[in-house]
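Here is a short report on how two chains meet. Look at the sequence and the structure first, then read on.

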Amino acid sequence: MISLIKLTENDKRLIIVLLLVLILLFVIVGYIGLLVRKIMKFQASKADDMLHDVVEAGVITEESKLLRFGIRKNWRVFFKSAWVPFLIMLGAVTLLLLYCLFSKNWSYNIWDYEKQGFNTLFYIYDWNVFFSASPEGFTITWPKLISSPHLSGEAWVSYIFVPAMTIGGTWFVVDVQAYIARAFRIYKLSHTAFRKTMENVTPPSQPIKPE
Amino acid sequence: MLGFLKVFLQGILYVVLLPLIVAIVAIYAVYCVIVFIYIAIRSIIVFFMGGTPLGDLPEDVEAKRILLERAQVNPADSAQMLADAITRSQAQFAQSFVNQQPLPQPEPEVIPEETSDLEQPDFSSLDEDAPETIDEYEEKLEENNDDQSY
């Protein structure tokens, strides 16, 4: 015998709210994707600037050579844009390693919320009891507060490491995204730059008579 | 509505493909870190060998040289065309002088008669015997002088 789950009015309202939140989430993700595609299109336009002169001057006339030149030029452009965030991340990692080395504490937790970690600056809740389902229905319990924001002297390394890695990491990922966008554009341009097209060809007004 | 639906479906697609996208970006990030370290080491070696670490590639240098040459050639072409035009006009003038033929004159501009509301001057009060040439005027003067002498 199949026992059906009985839904109360509150349960139905909760399901509708969750569905609306899900739809909103998908729409937000869709718009973020659209924004990322527009940004990548803008970043890819730099590839045209990189390849224009060598094609215009006739220095490179083959697809394979243009592709290899574009890849080398892309590496250089990436290096020039990514050295700052790379140094920031390297500095943060070096600081953490030196601290662990001199304090001889290799179990330093940067996400701890009591003494050592960056979460000492935030409200921390126990989310384990938030949502529970039973044959009688769904229950939502407001999570319990287990830690309030407070400054901890022991967590000074986390206060430097986490923001530095966040800023440096985000900056580096944006540069990687730009590299990917330029790489795709270079690949496309190398295959179309020397290809002839019949779109703008106009035949002569008078046919050429054979000799 | 269609636009909203399109964005909603794209959102579902991106959520479904998110692990693949994250994997591709992660692989490219690791590749970029390796490329970065390679370029950094290469730049340091080139710097200590006396070269320019991140200077222009040889193809870029060659392209700039060719484009600069083309830009320098183009203004000279314009000046040559102007000199040719001047030479042609001078040759035409010299030829007309030698052949005793007048230079082609532009057609005289025909100015239409002005019609206005102003009154036209009345020349009817003028003396009909007034001299029309200088000789007549001198003769008239002599006659007047002869009359006055009496």
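## Terms and model

Contact means that heavy atoms lie within 4.5 Å. Helices are DSSP runs of H or I with at least four residues, strands are runs of E with at least two, and both are numbered from the N terminus.

This is a predicted model, in which local features need pLDDT of at least 70 and side-chain atom pairs count only at pLDDT 80 or more, while totals for chains, interfaces and linings use all residues. Residues are numbered from 1 along each chain as its sequence is written, chains are lettered from A and ligands numbered from 1 in the order in which they are written, and side-chain values use heavy atoms, with hydrogens and water left out.

## The interface

On chain A, 31 residues are in contact with 33 residues of chain B. Together the two chains bury about 3200 Å² (accessible area, 1.4 Å probe, lost on being put together and summed over both). Carbon and sulfur atoms carry 78% of it. In chain A, the residues that lose the most area to chain B are A:Phe26, A:Arg76 and A:Phe79, together 22% of what that side buries.

The rule finds two salt bridges across the interface (a side-chain nitrogen of Lys or Arg within 4 Å of a carboxyl oxygen of Asp or Glu). A:Lys73 forms a salt bridge with B:Asp60, and their closest N and O atoms are 3.2 Å apart.

## Who supplies the residues

The largest share, 12 residues, comes from α1(A). By class, that side of chain A has 22 nonpolar, two polar and seven charged residues. Here Ala, Val, Leu, Ile, Met, Phe, Trp, Tyr, Cys and Pro count as nonpolar, Asp, Glu, Lys and Arg as charged, and the others, Gly among them, as polar.

## Two helix pairs

How do α1(A) and α1(B) cross? Their axes come within 7 Å and cross at roughly 85°. Axes are lines fitted to C-alpha atoms, for helices over the stretch in contact, and angles run from 0 to 180 degrees between N-to-C directions. The two helices are therefore roughly perpendicular (65 to 115 degrees). Residues of α1(A) including A:Phe26, A:Tyr31 and A:Leu34 meet residues of α1(B), among them B:Phe4, B:Phe8 and B:Tyr14. This contact has 12 nonpolar, four polar and one charged residues.

Within chain A, the axes of α2(A) and α3(A) come within 8 Å and cross at roughly 175°. That makes α2(A) roughly antiparallel to α3(A) (over 145 degrees). Their contact has 31 nonpolar, seven polar and three charged residues.

Conventions
Angles under 35 degrees count as roughly parallel, over 145 as roughly antiparallel, 65 to 115 as roughly perpendicular and the rest as oblique.
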